[in-house]
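Q: Please go through this one with me slowly, as I am new to reading structures.

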Amino acid sequence: MWQYLNYLLYPFSLLYGLVLWIRNRLYDNGVLTSVEFDLPVIAVGNLSVGGTGKTPHVEYLIRLLKEHYKTATLSRGYNRNTKGFFIAGPQSTAADIGDEPMQFHRKFPEITVCVGEERMLAVPQLLGEQPDTAVILLDDAFQHRSIKPGLNLMVTDYSRLFTRDHVVPFGRLREGRKGYHRANAIIVSKCPPMLSVQEKEAIMREIAPLPHQRVFFTTLQYGTPYPLLAGGPQQLPEQAAILVACGIARPEPMVQHLLQKHSNVHLLAFPDHYYYARKDLDKMKLELEQLDGAQKVILTTEKDAVRLRLLEDQLQAMQLPVMVLPVEVSFLFEAAGSFNSYIFDYVAEAIAAGAEP
């Protein structure tokens, strides 16, 4: 029944898609203008509303660039309680700048992390306060066409390719499928680690990249869990009872990863970008107590961790055994070197072009 009711949303998807199509044509034809900057600007985004694994790809770029260039990230700062332009500092929290920027700030304190709803205005503010910035990474900016990035990277989920999806509310696309034409490179994320060459080629045919577009395939690579509040990484015993408590768009890959080594895994899902309250900690504690097993642990994501730390005093008082599972991306088909060169070549060319009189 729900499947049939869902089809009632299709006319709204067509209408919304038409509005976005007109908007994009206005940008394409120069009626609405996009601003370019004379330094390397790399945008990382997607066509869908979330869950493609965009954040680990931004972190990959940070690791790649930060040792060579003064790097900054610029995000909108979704669901924060501040407004306007804001640079992360020692006292910043997820409530100030949003969960993803706070994750970047905690993991990479040597880079500049900033947020601003109007990114066209935020870039000059960033450069005014940090004039030695050499590279800017625009987080989740594929639809923010007021800025024209030098390099546009689009991430699409292997399990839900944009080619098989529809515009919201009928599907999960933020705009029509042909929006992928703006991408310089397309990254198929969350692939099985053993993705075959045959399936790779089939996906390539389905995506049908334009002549100028590069296509890369990545998989998630989970690290060793570490305590939320203090302590170093530690392996979880195979017999441990694990309560996965997280508020992300798609927790299924994380659960499937854990089930490869642990049989006693349970999911307590919260909405994406959810800010936790004391009642949620009480619910976690109750759910954990109901699990069978001598060793029990709550496992969450790094994105959730920055939001949970807002309740640090309560977590300490309750002595909840919360662990954090880090995740990175790994390029398949030995393409990491090719991707790295692709990024470095663009940055070097953009810096040289910006230096020209």
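Q: How much space lies in the second largest pocket?
A: The second largest pocket holds about 620 Å³, a volume being the space filled by probe spheres set on joined grid points. A pocket is an open set of points on a 1 Å grid where a 1.4 Å probe fits, with protein on both sides within 12 Å along at least five of seven lines, and lining residues have an atom within 4 Å of a point. The model is predicted, local features need pLDDT of at least 70, side-chain atom pairs need 80 or more, and totals for linings use all residues. Numbering starts from 1 along each chain, and side-chain values leave out hydrogens and water.

Q: Which residues are closest to its centre?
A: Of 28 lining residues, Tyr222, Pro253, His257, Leu258 and Gln260 are the closest.

Q: And which element gives the most to that lining?
A: That is α8, with five residues; helices are DSSP runs (H or I) of at least four residues, and strands (E) of at least two.

Q: Which residues of α8 are buried?
A: Met254, Val255 and Leu258 are buried, meaning under 20% relative accessible area with a 1.4 Å probe. They lie on the same side of α8, because they cover an arc of only 95° around the axis.

Q: What covers them?
A: The cover includes the strands β8, β10, β11, β12 and β13, where contact means heavy atoms within 4.5 Å.

Q: Changing topic, what is the volume of the largest pocket?
A: The largest pocket has about 930 Å³, and of its 42 lining residues Gly51, Thr55, Glu100, His273 and Lys303 lie nearest the centre. Both α8 and β8 are among the elements that each supply at least two residues to this lining.

Key
Buried < 20%, exposed > 50% of the residue type's maximum accessible area, 1.4 Å probe, protein only. Arc of directions from axis to C-beta.
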